[in-house]
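Reader: I have a model to go through and some labels to question. Please show it first.

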Amino acid sequence: MFNKILIANRGEIAVRIIRACRELGIKTVAVYSTADKTALHAQIADEAVCIGGAKSLESYLNTNAIISACIGTGAQAIHPGYGFLSENHDFVRLCKKCGIKWIGPSPEAMEAMGDKANAKQTVTKAGVPVVPGSEGVVKSFDEAREIAAQIGYPVMVKASAGGGGRGIRFVEREEDLEAALDSAKQDALSFFGNGDVYVEKFIGNPKHIEIQLLADEHGNVIHLGERDCSTQRRNQKLIEESPSPVIDEELRGKIGMAAVRVAQSCGYANAGTIEFLLGDDGNFYFMEMNARIQVEHPVTEMVTDIDLIKAQIRIAAGEKLPWAQEDIKMSGHVIECRVNAEDPANGFRPAPGNIKHLHFPGGFGVRIDSAMYQGYTIPPYYDSMIAKVIVRGNDRAEAIRKMRVALAEFLLDGDGVCTNIDFQLSILDDECFLSGKYDIGFLTRRMQKEG
């Protein structure tokens with residue numbers, strides 16, 4: 001087991017990893033930007049190193065500074081969390097070259113799954129269904145037009161190296177295709193440094209289902225059930241729950257084993273997530289693989305009682321998985337709401353600022369993952385998510401009631417700070433959400449109806 005781990009991240013996920021390390025008896029090194037000097041992760045780690053300016057490119061994406069901090073503090077491994085460098089295979093190779101263990105999959109597995117166009121080809125060979133579309137990156141407008149004509153409109157243009165809802169365009173008719181291609185390429189180049197795009201069939205009103213995987217370095221792969229992530233705004237998740245209200249044991253087994261085959265096809269090791277689209281006819285299609293821990297990992301932790309961060313660390317240390325597939329049991333119902341510093345009344349504009357008063361909810365079956373504290377100033381340079389509220393009930397109805405209580409008790413007041421808590425409460429009262437039959441477009445349709 002490692003003696004010291006550097007966490008190449010910030011915010012709630014950095015705090016989450018530090019806590020897991022401490023429980024394992026491992027010392028921690030936090031890295032922070034000049035804007036995060038007073039951040040919680042920089043204060044509670046055993047050591048903290050400033051790695052650059054406020055902008056991500058100057059700090060949390062500054063590979064040389066992170067490697068220097070790791071070597072200088074004697075850390076043996078790096079945990080990347082999610083976002084930033086978590087799926088950067090070049091950085092993983094740099095870590096290996098410097099004798100630093102990466103707590104995540106190999107760069108080869110990342111490359112196989114990180115490029116969405118190539119990933120579709122890989123999983124097709126593994127017998128996993130994919131959304132009809134281009135076999136790889138589309139090279140020209142003429143090629144895209146021919147593919148779209150074959151599979152039929154509407155279609156989606158997607159960034160091959162994308163994520164977080166970026167680089168995606170919906171195209172309803174041929175005359176809009178060329179502009180959508182150009183726009184998606186520019187978006188992809190701006191956010192990911194890679195302008196490659198692919199085309200696939202638009203699946204109307206699907207569910208967004210993801211399967212959590214754990215795989216060790218000895219060839220053992222298991223899945224830990226599903227998370228339903230269909231409550232989305234602009235392709236970004238707001239609420240996640242497990243189990244999905246529309247998936248039974250038979251379908252869970254089919255999707256779960258399809259996800260396992262995907263991991264096996266690329267020699268994957270560590271924690272990972274396979275995302276699927278689930279049609280109302282029960283057919284499911286591979287979307288992408290996230291070669292890292294997910295924002296919503298607490299949902300799976302609470303429904304299975306397995307600490308995924310500790311599992312990641314133990315896998316990276318060479319340990320075998322202590323569970324077989326038949327050992328994995330899902331108990332109760334878990335819901336997570338993402339609390340963002342944003343103003344829903346003004347187009348969900350980011351609303352950072354200084355926190356004057358703060359009270360977190362609590363009680364039986366309530367978990368808060370956050371890096372906030374009273375007096376903390378939320379910086380304007382990073383993602384607007386400031387907390388995750390996770391609750392577990394005996395069934396879905398109880399979990400929804402518990403989440404309503406928790407959000408109502410979440411008190412935050414500060415200069416310029418707004419949150420989406422009231423917006424989240426309105427979703428929990430929405431008849432479509434309560435039915436459990438909501439799809440990835442339900443929130444967009446509701447907002448359009450409300451004007």
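What follows is a set of questions on helix packing, a pocket and some backbone details.

Author: Keep in mind that this is a predicted model.

Reader: What makes the contact between α7 and α8?

Author: From α7 come Phe141, Ala144, Arg145 and Ala148. From α8 come Leu177, Glu178 and Leu181. By class, five residues of this contact are nonpolar and two are charged, with no polar residue.

Reader: What makes α4 and α5 count as roughly antiparallel?

Author: Their packing angle is about 175°. The cut-off is over 145, so α4 is roughly antiparallel to α5. Their axes are 9 Å apart.

Reader: Which residues of α4 and α5 meet?

Author: His89, Val92 and Arg93 of α4 meet Pro107, Glu108, Met110 and Glu111 of α5. The classes in this contact are three nonpolar, one polar and three charged.

Reader: Why are α13 and α15 described as roughly perpendicular?

Author: The axes of α13 (residues 421-428) and α15 (residues 442-450) cross at roughly 105°. The class runs from 65 to 115, so α13 and α15 are roughly perpendicular. Their axes come within 12 Å. On the α13 side, the contact uses Phe423, Ser426 and Ile427. On the α15 side, Phe442, Leu443, Arg446 and Met447 take part. This contact of α13 with α15 has five nonpolar residues, one polar and one charged.

Reader: What lines the second largest pocket?

Author: The second largest pocket has 16 lining residues. Nearest its centre lie Lys101, Gly104, Pro105, Ser106 and Pro107. Two or more lining residues come from each of α4 (89-97), β5 (101-102), α5 (107-114) and α11 (308-316). The volume of this pocket is about 270 Å³.

Reader: How do the residues of that lining divide by class?

Author: Eight are nonpolar, four are polar and four are charged. Among those nearest the centre, Lys101 counts as charged because Lys is in that class.

Reader: How do you know which peptide bonds to call cis, and where are they?

Author: Omega is the value to check. For the bond joining Tyr153 and Pro154, omega is about 0°, and the bond is cis. Pro154 sits in the loop between α7 and β6 (155-159). Another cis bond joins Ser242 and Pro243, again with omega about 0°. Pro243 is in the loop between β11 (236-242) and α9 (249-265). Most peptide bonds are trans.

Technical notes
Residues are numbered from 1 along each chain as its sequence is written. This is a predicted model: local features need pLDDT of at least 70, side-chain atom pairs count only at pLDDT 80 or more; totals for chains, interfaces and linings use all residues. Side-chain values use heavy atoms; hydrogens and water are left out. On a 1 Å grid over the protein atoms alone, a cavity is a set of points where a 1.4 Å probe fits but cannot get out, and a pocket is an open set with protein on both sides within 12 Å along at least five of seven lines; lining residues have an atom within 4 Å of a point. Grid points are joined across faces, edges and corners, and a volume is the space filled by probe spheres set on the points. Helices (H or I, at least four residues) and strands (E, at least two) are DSSP runs, numbered from the N terminus. Contact means heavy atoms within 4.5 Å. Axes are lines fitted to C-alpha atoms, for helices over the stretch in contact, and angles run from 0 to 180 degrees between N-to-C directions. Angles under 35 degrees count as roughly parallel, over 145 as roughly antiparallel, 65 to 115 as roughly perpendicular and the rest as oblique.
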